[in-house]
Amino acid sequence: MANARSPKMGSAPSDSILKGAYNQTYIICKRDTMEEENSKEDSGDNDYQERRVMFRCGNWCYTGNITLDASILTLGDLPKAIPALQKQQNRLHYYCNASSVPRESPFYDCLSYINAGTEFFARELGCDDILAEVARRAKEDTWIEDDAKNTYFELQANQVPKYMHQVALAASKTYCRGLIFITAYFESRFYAVICDGEGDQPLLDVKFPDVSRPGGGVHLRDYYDDYTKLTLWHSLTHTIVTDSKETVSSLQKQTEKKKKRTTNLSSQSYVQMYIILRAIADEPDKPPITPHHDVLFRFGSWCYSGSVQLTPELDLGSVPHIIPALRMQQARLDFLCDVNQMPTNSPFTKSMAYLCRIAPLVEIELAKAEDTLQKLILQLAAVDLGGTIATWLEGDGNRSFFEFQLEPSEKDIQSHFRNVEMVATKSYGAAGVVLISVL
């Protein structure tokens, strides 16, 4: 025993069960408070639901905006919300290392709280007293053992911190000691399911259980600090956890069968269009500091989208530099859809639809402007000024442009150009005229 080392002062073993385990965490924020209130008043307007998210995959964290079909998320949306997030990963950009989330980040405290809840669950569900209580209650409630795959735990939180009020839904998977701890957070409650984690596991598994339909329940323990009580529930969902060979739950089946709503935004002209969304600000009252923007590039009939790096804020003078910067990052964009099948819940659809609708009007006004300019030149020629104006107008076309002042209502601006920072378009007409517009 002479070679044995005694632990140094302050180096006691960690009591964390899940420390160092592989973890996937998804945090979906609520929409703007005003938008949430509007959704409650008009729940039928579900076409555009933009939300900020954070995704942790092992040691890496990513953030960005995604769109979901539901205006207000419920616990029952969990099985379809996470796959919807995964399908839009091209809109997420690298944020930070999981161990170095900035303290000023809106996700720092939220992530710590969710990790603490998951850790508490793992400790409690491995506690001898809880295991003994479950075994005792299983003698009376046979579903605990006979239908174990359709059971889940609920942990009621006490005095939830204010920073968690911004979280609409959160979920995580932690792989540890041959088990998978699946946890979800929704409205001051944690939910947990434990699955077998032996054997090969997918690096990214986005299947999450439906824990929104409780049947019979068993009260296991009361608490008097951060949490209030722990309950074991029997789920009424057909199959709460499935493997790759089993049938998915009835809720997921209905989601897959539901036809995605699209709209046709095709036009007779050949169009190239760039739609750039605003960069995300970590704090609502401060300008964004991240250079990442979500963009859509329309190339004729095909649309591509993704996240690119520009400057945090854009202005009209940066247009000549922005478009080449976008072209250099086209590899970051993924194919989205054909323009005649634009998803109605895309953050780009309403702005593109509005521009398509006013494009014929712009062309008509430009044609009228030609006659107006001719009359102006003739009038100025009478006072020997026509030649100067004519030379200017007939010179380098790149140095002349038209400015249109649009006056839609404030509601229209918010509806059609929500989060849109800039739009640049080239439209090639049948008459050989190229119309370049910037908004």
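**Side-chain pairs and a helix**

Tutor: Let's begin with glutamine 272 and tyrosine 270, whose side chains are joined by a polar contact of 3.4 Å. A polar contact is a pair of N or O atoms within 3.5 Å; within protein, one must be able to donate a hydrogen and the other to accept it, and residues adjacent in sequence count only if both atoms are side-chain atoms. Keep in mind that this is a predicted model, where local features need pLDDT of at least 70 and side-chain atom pairs count only at pLDDT 80 or more, while totals for chains, interfaces and linings use all residues. Residues are numbered from 1 along each chain as its sequence is written, and side-chain values use heavy atoms, leaving out hydrogens and water.

Glutamine 272 sits in strand β12 (residues 270-277). Helices (H or I, at least four residues) and strands (E, at least two) are DSSP runs, numbered from the N terminus. Leaving aside residues up to four places away in sequence, glutamine 272 touches Arg298, Phe299, Ala424, Thr425, Lys426 and Tyr428; contact means heavy atoms within 4.5 Å.

Now for charged pairs. Side chains of opposite charge can pair when their charged atoms come close. The whole structure has 8 salt bridges, each a side-chain nitrogen of Lys or Arg within 4 Å of a carboxyl oxygen of Asp or Glu. One of them joins arginine 123 and glutamate 119, with the closest N and O atoms 3.7 Å apart. These two are 4 residues apart in helix α3 (residues 108-125), so about one helical turn separates them. Arginine 123 is partly exposed at 34% relative accessible area, whereas glutamate 119 is buried at 10%. Buried means under 20% relative accessible area, exposed over 50%, and partly exposed in between (1.4 Å probe, protein chains only).

Another salt bridge, at 2.8 Å from N to O, is between arginine 189 and glutamate 154. This pair links distant parts of the chain, 35 residues apart: arginine 189 is in strand β8 (residues 189-196) and glutamate 154 in strand β5 (residues 151-157).

Finally, look at helix α4 (residues 128-138), where Ile130, Glu133, Val134, Arg137 and Ala138 are buried. They lie on the same side of α4, because they cover an arc of only 135° around the axis, judged by the directions from the helix axis to the C-beta atoms. Asp128 and Asp129, on the other side of α4, are exposed. The buried residues of α4 are covered by elements including α3, α5 (143-146), β9 (214-222) and β10 (227-235).
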